[in-house]
Amino acid sequence: MTATTPENVLQEKVKEYQYFQPELIQIIASENIYDEDRQQPWEIDDRDKPYTKHVKALSSSWRHLRLLADFMQVGTTPLRWKDLQTGRWSKDKPFNRQERISRTKVTRLDYHEGSDKPGRKDITSSAKLREALDEQALENGLGQRKFRLFVVEDLSSDVIELLGAHYDVEPAFFRDQIVDYAWYNTRDRWMDPPRLDVVARRQRWLQIRFPTSRYFENHLRFKEGCDQFESFNVYRRLEDDINNTGVWDAEKAIVGLSRTRAAFWIAKEETHVEGAVGILLVDPTAKTGFPLWHGYRNWEDTPSMKDLEKLEGKMPPPGPTRKSFFGDLIYWLEKPEAFGPSLPNYPAADMHIRIRALLFLICGEWLTIAEYIQTRLAQVEWEISFPEHFLNSGETIDVALKKLHIWRRLVPLYHRMLTETLQRVFSFPCHTGAASTADGLGSLQDSNSRAADRNAASSQCQCPHHQQIPNQSGCITALREDFVRLRISMEEFEKRIDRLTSVVTASISIDDSHRGLKDTTNVTRLTWLATCFIPLSLTASVFSMQQYIANIQYIIGWYFLTSLLLVFVTIGGAFALTGSVADVFRVSKNKKGKDS
């Protein structure tokens, strides 16, 4: 029986966050999409919430908006309704329902003519957000604002209500940010029906999915990270990739992978008194652990020696902290000069700068994931080639197959996410007016053709601005090449994983054959041992019929003499029938048969 230790208890708790969670089956069963007459227990009074009332009214005809209506009433995803009622989060943590409903972390950035640095205002409560939206912020003269951007970390009922009602935002923009599933069960109420591409091109928002990676020193830190993911209002999950068992890894370290989303929405020009407005939604970041390899590369040019001399001994300005995606995004959005100058007579080009800052960060996360997959596959190859050196004590080659199965599931999903990014981002109508109706997928139809990807990389953005000025340095088309290369990398990883799986399966079969030969040798030894005991048993049975016990000393002598003689005769006969003598006899017999 295994002793109960704090380490064992912690590992059992960590297992709660593995892929299969039986308790979710009951929750899924209770949220049946076909149970249309059921009255939900979280219904609220929406008389003072016009946007909530609007979404609920639309959800009867646009069924995919039911999740958003439920989210705005529960305060988080409906999957957590039971936990909120039982006090799982309100008992000893500040993440109770009311806090979830009013949670606000918004930064407003105002970009003005003649100013390199945008005006910034951090908003940490729904009351302050309401005040900021009520301000008459349209400026005139030299300081006229070109663009206003709201950056939102995590969603909440109050933030959706205030931003949605004030700017008349399409509800699907918020709905797409709530959950991220790779697939849906047949009864899921939160299933999001696929869009037609012709419909998606008319949207004034884009949704980008991408993975993130985080390093945890031990099981306790990983469990804390999982708890922090549960505290998000949006539904995200941190998963152990089960690849941290190699001799290169720390004994208890875990690399957690998660899928995350970012969304960008722009208002129609001259529909609001504030002028050009955009909303950018990003997911929160866990505070526990570290970004894998401390995150992405700083893409700013390093200062020259002359530039450092001008600082008079002072340190260069600090770069992004890499502690949260939200914080790093704000850092780069406050430095528009890092993405090239924009045309003063074409303010819509500035929207490219906002999207490009987001795409730089997302591409950095993708590059880290691609490098991590490369690392894990290389380690599996070493384990296959030299298992005596690179497999831990007691492990077999079967461990490599388990590691590969994780990437067999994730890499195709990553490939699909990159394809969606190429399809949606680079045909996004970033300028007010009719976007080009040219098929943005024309050069991406053949996902297996590198030539098609190269053509896609060289095509122009589909907005009118870049049809007129294709060489503008601020356009987002320059990043298409990086995403195309990432997608090609995922295709290569898929092929490499298939090859490695075949090699590992063959290695397992060879090991099984070797074990079978060892088992056959042991059975042969047992057979010879049983053969030796046959004459001994026979002799003992015969001599046991002696009724005169006084003659036992003579019987013992005759017993050993007879039994040993029979043993030699038995072994000789067995060898003659199964060994080389039998082979010689069969060969000679076959020769006689051929001669006759």
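**Salt bridges, strands and cores**

Modeller: Helix α11 (residues 219-230) holds both Glu224 and Arg221, which are 3 residues apart, about one turn of the helix. Please keep in mind that this is a predicted model.

Biologist: What do the side chains of Glu224 and Arg221 form?

Modeller: They meet in a salt bridge, at 3.4 Å from N to O. On spacing in general, an α-helix has 3.6 residues a turn, so residues three or four places apart point the same way.

Biologist: Is Glu224 buried or partly exposed? And Arg221, buried or partly exposed?

Modeller: Glu224 counts as partly exposed because its relative accessibility is 29%, and Arg221 is partly exposed at 31%. Buried would require a value under 20%.

Biologist: Where do Asp283 and Arg236 lie, as a pair that links distant parts of the chain?

Modeller: Asp283 is in the loop between β7 (277-282) and β8 (290-291), while Arg236 is in the loop between α11 and β5 (239-240); the two are 47 residues apart. Their side chains meet in a salt bridge of 2.6 Å, N to O.

Biologist: Why does Asp283 count as buried?

Modeller: Asp283 has a relative accessibility of 4%, and the limit for buried is under 20%. Arg236 is buried too, with a relative accessible area of 3%.

Biologist: How many salt bridges does the count come to?

Modeller: The count comes to 30. One of them joins Glu481 and Arg485, at 3.0 Å from N to O. Both of these residues lie in helix α19 (residues 480-543), 4 residues apart, about one turn of the helix. Arg485 is partly exposed, with 47% relative accessibility.

Biologist: Let us turn to the strands, then. Which way do β1 and β2 run?

Modeller: They run antiparallel, and 5 bridges join β1 to β2 (residues 119-123). The two strands form a hairpin with 6 residues between them, and Gly114 in the turn has a positive phi of about 80°.

Biologist: How many bridges join β1 to β3?

Modeller: There are 7 bridges between β1 and β3 (residues 145-153), and this pair also runs antiparallel. Leu109 has Leu149 as its bridge partner in β3.

Biologist: Why is β1 described as largely enclosed by the rest of the structure?

Modeller: Because 7 of the 7 residues of β1 (residues 106-112) are buried. Both faces are covered: one side carries Val106, Arg108, Asp110 and His112, and the other carries Thr107, Leu109 and Tyr111.

Biologist: Which helix is mostly covered?

Modeller: Helix α13 (residues 325-333) is mostly covered, with 8 of its 9 residues buried. Among the buried residues of α13 are Phe325, Asp328, Tyr331 and Trp332.

Biologist: Now the nonpolar cores. Which residues have the most contacts inside the largest one?

Modeller: Trp366 and Phe483 have the most contacts inside that core, which has 68 residues. Helix α14 (residues 350-385) supplies the largest share of this core, 16 residues. A second, separate core of 46 residues includes Leu133, Ile178, Val234 and Val277. As a general point, nonpolar side chains in soluble globular proteins tend to be buried together.

Biologist: What is Trp366 in contact with, leaving aside its neighbours within four places in sequence?

Modeller: With those neighbours left aside, its contacts include Arg209, Phe210, Pro211, Tyr414, Phe483 and Met490.

Biologist: Which residues make the nonpolar surface patch?

Modeller: A patch of about 390 Å² is made by Val247, Trp248, Trp382 and Phe386. Phe386 lies in the loop between α14 and α15 (387-390), and Phe386 is partly exposed, with a relative accessible area of 36%.

How values were computed. Residues numbered from 1 in each chain as written. Predicted model: local features only at pLDDT ≥ 70, side-chain atom pairs only at ≥ 80, totals over all residues. Heavy atoms only, no water. Core = buried A, V, L, I, M, F, W, Y, C linked by side-chain atoms within 4.5 Å. Buried < 20%, exposed > 50% of the residue type's maximum accessible area, 1.4 Å probe, protein only. Contact = heavy atoms within 4.5 Å. Pairing = 2+ DSSP bridges. Patch = residues over 30% accessible without salt bridge, like charges linked within 9 Å, V, L, I, M, F, W, Y side chains within 5 Å. Areas by Shrake-Rupley, 256 points an atom, 1.4 Å probe, with all protein chains shown as cover. Salt bridge = Lys/Arg side-chain N within 4 Å of Asp/Glu carboxyl O.
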